[in-house]
Amino acid sequence: MEIFEGWPLPAAIGALFVIVLLRAGGTYALGRGSREGVKRLLERRGRMAPQLARAEAVIERFGAPVVALSFLTVGFQTAVNLAAGVLRMPLIKYLPALVLGGAMWATLYGVLGLATVNAIIQAAQRDPVGAIVSVVAVVALLVLVEFATRRARAISARHADATEPILPDEAGQTE
C-alpha cells in the first residue's frame with residue numbers, strides 16, 4: 001500500500017485504527033439510525049440478508065465479544081457492526097468492543113497486511129511471471145475451497161431436509 005510507504009509502523013497502525021473506527025462506527029450508526037429501512041433494503045435485494053440474520057443471532061446470544069472478535073474475520077465484520085446497530089446495542093457495550101476489535105484489526109493489518117503487500121511487490125519486481133503464477137494459484141485455491149464449502153452445505157441441507165426427526169414421545173411406539 002503506497003499510502004503507508006515510508007511511514008513508521010506505529011503511525012501506520014494508528015492511521016489504520018482511525019480508519020477502522022470511522023468505518024465500523026459508521027456502519028453501526030447506519031444500522032442504528034435506520035433499523036427498519038436497512039432490514040427491508042437488505043431483504044429486498046437479498047444481499048447480505050443471511051449474514052445479517054446470522055450476525056443478529058450471534059450478537060443477541062454473545063453480545064459485545066462478538067463485535068470485538070468480528071474484526072478478525074473477513075466479510076462478517078461489516079454484517080456484525082450493522083447488526084449491532086440494527087439491534088441498537090447500547091453504546092456502553094459497543095464502544096469498548098469497537099475499540100478493542102479495531103485495535104486488533106489495525107495491528108494485524110498493519111503488521112501482517114502491509115508486510116504481505118510489500119513482499120508481493122518485491123516478489124513481482126524480482127520475478128513478475130512467478131508472482132502472477134503464485135497469485136493465480138492462490139485465487140484458484142480460494143475458488144476451490146469456496147466451491148467445496150458450498151457443495152458440502154448443499155449436501156448437508158438436502159440431508160437435513162430428507163431426514164425427519166423422531167420426537168421423544170414417538171420413540172418406542174409401534175403403529
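Helices (H or I, at least four residues) and strands (E, at least two) are taken here as DSSP runs, numbered from the N terminus. The structure is a predicted model, in which local features need pLDDT of at least 70 and side-chain atom pairs count only at pLDDT 80 or more, while totals for chains, interfaces and linings use all residues. Residues are numbered from 1 along each chain as its sequence is written, and side-chain values use heavy atoms, with hydrogens and water left out.

The protein chain contains seven helices and zero strands, so that, by the DSSP definition, its elements read α-α-α-α-α-α-α from the N terminus on. Of its 175 residues, 26% count as buried; buried means under 20% relative accessible area, exposed over 50%, and partly exposed in between, with a 1.4 Å probe and protein chains only. The accessible surface of the chain comes to about 12,100 Å², and 66% of this surface belongs to carbon and sulfur atoms. Accessible areas come from the Shrake-Rupley method with a 1.4 Å probe; for residues, only the protein chains shown count as cover. Among the contacts (heavy atoms within 4.5 Å) with a separation of 6 or more, 77% are accounted for by residues 24 or more positions apart.

A nonpolar core is defined as a set of buried Ala, Val, Leu, Ile, Met, Phe, Trp, Tyr and Cys residues joined through side-chain atoms within 4.5 Å. The largest such core has 23 residues, and those with the most contacts inside it are Ile-59, Val-67, Phe-71, Val-80, Ala-84, Met-89 and Tyr-94. Two or more residues are given to this core by each of α1 (9-33), α3 (49-62), α4 (64-70), α5 (76-86) and α6 (91-126). Apart from neighbours within four places in sequence, Phe-71 is in contact with Val-20, Ala-24, Gln-77, Asn-81, Ala-97, Leu-98, Gly-101, Gly-102 and Trp-105.

Helix α5 is mostly covered, with 10 of its 11 residues buried. The buried residues of α5 are Phe-76, Gln-77, Ala-79, Val-80, Asn-81, Leu-82, Ala-83, Ala-84, Gly-85 and Val-86. Arg-88, which follows α5, has a positive phi, near 55°.

Thr-27, in helix α1, is counted as buried because its relative accessibility is 16%. A polar atom of the Thr-27 side chain lies 2.9 Å from the backbone oxygen of Arg-23. Such a polar contact is a pair of N or O atoms within 3.5 Å; within protein, one must be able to donate a hydrogen and the other to accept it, and residues adjacent in sequence count only if both atoms are side-chain atoms. With neighbours within four places in sequence left aside, Thr-27 is in contact with Thr-78, Asn-81 and Leu-82.

Thr-73 is counted as partly exposed because its relative accessibility is 30%. A polar atom of its side chain lies 2.6 Å from the backbone oxygen of Ser-70, and a polar atom of the Thr-73 side chain lies 3.5 Å from the backbone nitrogen of Gln-77. Between the C-alpha atoms of Thr-73 and Trp-105 the distance is 9.2 Å, with the two residues 32 apart in sequence.

Helix α6 provides the largest share of the nonpolar patch, three residues. Leu-69, in helix α4, is counted as exposed because its relative accessibility is 51%. The C-alpha atoms of Leu-69 and Gly-102 are 9.6 Å apart, and these residues are separated by 33 positions along the chain.

One salt bridge is found in a search of the whole structure, the criterion being a side-chain nitrogen of Lys or Arg within 4 Å of a carboxyl oxygen of Asp or Glu. This salt bridge joins the side chains of Arg-150 and Glu-146 at 2.6 Å, N to O. Both residues lie in helix α7 (residues 128-162), four residues apart, about one turn of the helix. An α-helix has 3.6 residues a turn, so residues three or four places apart point the same way. Arg-150 is exposed, at a relative accessible area of 58%, whereas Glu-146 is partly exposed, at 38%.
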